[in-house]
Amino acid sequence: MIASQHLRAWLVAAALLLPAGAAFAQAQPAQNEFKPEPFQDGKDVVWVPTPQALVDKMLDVAKVTASDYVIDLGSGDGRTVITAAKRGARALGIEYNPDMVELSKRNAIREGVAGKANFMKADLFESDLSQATVITMFLLPEINLKLRPKILDLKPGTRIVSNTFDMDDWEQDETATTKADSFTQYNTAYLWIVPARVEGTWQLAHGELTLKQSFQMVAGTLRTGGKTLRIANGRLRGDQISFTAGGAAYSGSVGGSRIGGSVKAGRAVSEWSATRRTGNRVSSPKSR
Ligand SMILES: C[S@@+](CC[C@H](N)C(=O)[O-])C[C@H]1O[C@@H](n2cnc3c(N)ncnc32)[C@H](O)[C@@H]1O
């Protein structure tokens with residue numbers, strides 16, 4: 001399997017650096033229990049555990065709290081799901097290997113979070129992710145890319161965190177690292193926030209806003225008072241939009257076909273709103 005070989009090649013050097021105890025944050029299995037081996041085959045990706053320090057960092061960068069619903073795609077021995085559950089979040093691990101699913105369930109019981117940490121044997125590509133507020137993953141660049149259209153269809157504001165592998169030309173919103181020590185090559189957490197869809201034309205009380213969108217980046221023009229102003233610094237963070245035009249700083253919340261917020265010009269602050277006239281897609285050839 002090409003993907004498995006790819007991850008094996010990427011990870012083998014790092015795993016050789018891993019101290020024996022560091023690969024398993026959870027309790028050691030009892031005799032006769034299934035014991036996973038790093039690099040064991042998985043459907044699309046082999047199993048390699050995320051170091052516990054990076055699990056913590058991934059949940060930190062996503063700001064996971066008790067009000068979140070975290071889904072780990074390819075949940076391995078359940079460590080990310082269990083750690084999220086210990087923060088009070090509801091959490092679900094989707095894992096193709098049934099032995100890993102059963103192991104995760106035992107680990108969740110041992111760690112006292114069986115009520116909050118759930119696991120299902122399923123293919124991550126065929127699973128419903130729509131209820132997640134946070135998605136965590138340690139997969140592969142090509143798997144991330146294959147998942148990207150589905151991720152971009154999630155509710156704006158959904159946080160996505162990946163161990164080490166990126167999303168090609170969808171630039172991350174934040175990057176965080178753990179101390180480069182025993183697991184030096186795999187100490188990076190990337191965060192993306194699913195952007196609202198704003199591409200198209202919007203009607204303002206005294207103008208027209210035309211937006212072009214590439215993931216969380218926004219460009220375009222604002223036609224007002226007989227002038228056409230170029231939009232600069234346009235950005236989305238979930239459903240929050242901000243941009244400048246003609247020296248004024250606009251910010252607002254996108255709710256379906258309406259944007260409402262405030263505009264600051266010098267010391268003057270006023271309200272603005274816009275309603276959608278056309279368009280509703282994220283502009284990227286690879287996004288769907
Ligand atoms: C690199 S490991 C990451 C494990 C865990 N998320 C972690 O960070 O410690 C990838 C996991 O994905 C699982 N997997 C591979 N393909 C899958 C698929 N199509 N559906 C669900 N799980 C899959 C593998 O069995 C493996 O446990």
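In this predicted model, the backbone of Y96 reaches out to the ligand: one of its polar atoms sits 3.2 Å from a ligand nitrogen atom. D72 takes part through its side chain instead, with an N or O atom 3.0 Å from a nitrogen atom of the ligand. Then there's T50, whose side chain places a polar atom 2.5 Å from a ligand oxygen atom. Zooming out a bit, the ligand is surrounded by 21 residues. T50 turns up again among the closest of these, along with D44, G74, E95 and L124.

Next up is a pair of helices. Packed helices are described by the angle between their axes and how far apart those axes are. For α2 (residues 52–61) and α3 (residues 79–86), the angle comes out at about 55°, and the axes are 10 Å apart. As for handedness, the two helices cross in a right-handed way. On the α2 side, the contact is made by Q52, V55, D56 and L59, while α3 brings R79, T80, T83 and A84.

Definitions and conventions:
Residues are numbered from 1 along each chain as its sequence is written. This is a predicted model: local features need pLDDT of at least 70, side-chain atom pairs count only at pLDDT 80 or more; totals for chains, interfaces and linings use all residues. Side-chain values use heavy atoms; hydrogens and water are left out. Axes are lines fitted to C-alpha atoms, for helices over the stretch in contact, and angles run from 0 to 180 degrees between N-to-C directions. Helices (H or I, at least four residues) and strands (E, at least two) are DSSP runs, numbered from the N terminus. A crossing is left-handed if the near helix is turned anticlockwise from the far one by less than a right angle, and right-handed if clockwise. Contact means heavy atoms within 4.5 Å. A residue is near a molecule or strand if one of its heavy atoms lies within 4 Å of it. A polar contact is a pair of N or O atoms within 3.5 Å; within protein, one must be able to donate a hydrogen and the other to accept it, and residues adjacent in sequence count only if both atoms are side-chain atoms.
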